[in-house]
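Hi,

Here is the structure I promised to pass on. Have a look at it first, and then read on for what turned up.

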Amino acid sequence: MHRVFGLAKGVVRRSLERDRSSERYVEAVSRSLWPWPESKLLALVSFLVVLDYASTYAVLELSGKTCIYEGGPLASWALQVGGFTELFLVDVAAASVLLLAALTIRFLYSKFGFNGFGRTAFVVVLVPYVVVTMAAVFNNIVLTFL
């Protein structure tokens, strides 16, 4: 039985060594996606939540156009159920879940000594949200003023 545990321990040790050797390359990829500190990514996500809500309000309420509607199923449901207050709460809740997931993954990787993988996971979770939300905000602004 000790031999089996010894073999398993050896397999795990070799696996960790492989992971540690590739960690710097994975972190380099994350730095090419987001070269700034991670705190700036958190601030950007928070800012984009507010900007997305404000631009959605502007396009749906202030533009005067009646043919425009909310395309996202969750946001559309929130608008139908509770109006813009419910939309704000849903936006904040969705972004909070995403941020919490990214921070938890980052923390767990750091706890086991894989800071490069932690940063990469953090960036990979949040950068797609940033890109999609920026496109939505741009679309809302264009629709508001054109």
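How are helix 3 and helix 4 oriented to each other, roughly parallel or roughly antiparallel? Before I get to that, please keep in mind that this is a predicted model. The axes of helix 3 (residues 73-111) and helix 4 (residues 115-145) cross at roughly 165° and come within 7 Å. Angles over 145 degrees count as roughly antiparallel, so helix 3 and helix 4 are roughly antiparallel to each other. The crossing in which helix 3 passes helix 4 is right-handed. On the helix 3 side, the contact is made by Ala95, Leu98, Leu99, Ala102, Leu103, Ile105, Arg106, Tyr109 and Ser110. Helix 4 brings Asn115, Phe117, Gly118, Arg119, Ala121, Phe122, Val125, Leu126 and Tyr129 to that contact. Sorted by class, the contact of helix 3 with helix 4 has 13 nonpolar, 3 polar and 2 charged residues.

Next up is helix 2 against helix 3. The axes of helix 2 (residues 38-62) and helix 3 come within 11 Å, again with a crossing of roughly 165°. That makes this pair roughly antiparallel as well: helix 2 against helix 3. Here too the crossing is right-handed, with helix 2 passing helix 3. From helix 2, the contact includes Glu38, Leu42, Val45, Val49, Asp52 and Tyr53. From helix 3, Phe84, Leu87, Phe88, Asp91 and Val92 are among the residues that take part, as are Ala95, Leu99, Leu103 and Arg106. By class, the contact of helix 2 with helix 3 has 14 nonpolar, 2 polar and 5 charged residues.

And helix 2 with helix 4? Those two pack at an angle of about 25°, and their axes are 9 Å apart. Angles under 35 degrees count as roughly parallel, so helix 2 and helix 4 are roughly parallel to each other. Helix 2 passes helix 4 in a left-handed crossing. The residues of the contact of helix 2 with helix 4 divide into 20 nonpolar, 5 polar and 3 charged.

A bit more on helix 2 itself. With 25 residues, helix 2 reaches 35 Å from its first C-alpha to its last, close to the 36 Å expected at 1.5 Å a residue. Its buried residues include Leu41, Val45, Leu48, Val49 and Tyr53, and also Glu38 and Asp52. What do the buried residues of helix 2 pack against? They pack against helix 3 and helix 4. Just after helix 2, Gly64 takes a positive phi of about 80°.

Further along, Glu70 lies in the loop between helix 2 and helix 3. Glu70 is 11 residues from Val59 in sequence and 9.5 Å from Val59 in space, C-alpha to C-alpha. Leaving aside its neighbours within four places in sequence, Glu70 is in contact with Thr56, Leu60, Ala75, Ser76 and Leu79.

Is Thr85 buried or exposed? Thr85 has a relative accessible area of 58% and is exposed. Thr85 and Val125 are 40 residues apart along the chain, and their C-alpha atoms are separated by 27 Å.

Cheers

Conventions
Residues are numbered from 1 along each chain as its sequence is written. This is a predicted model: local features need pLDDT of at least 70, side-chain atom pairs count only at pLDDT 80 or more; totals for chains, interfaces and linings use all residues. Side-chain values use heavy atoms; hydrogens and water are left out. Axes are lines fitted to C-alpha atoms, for helices over the stretch in contact, and angles run from 0 to 180 degrees between N-to-C directions. Helices (H or I, at least four residues) and strands (E, at least two) are DSSP runs, numbered from the N terminus. Angles under 35 degrees count as roughly parallel, over 145 as roughly antiparallel, 65 to 115 as roughly perpendicular and the rest as oblique. A crossing is left-handed if the near helix is turned anticlockwise from the far one by less than a right angle, and right-handed if clockwise. Contact means heavy atoms within 4.5 Å. Ala, Val, Leu, Ile, Met, Phe, Trp, Tyr, Cys and Pro count as nonpolar, Asp, Glu, Lys and Arg as charged, and the others, Gly among them, as polar. The expected span of a helix is 1.5 Å times one less than its number of residues. Buried means under 20% relative accessible area, exposed over 50%, partly exposed in between (1.4 Å probe, protein chains only).
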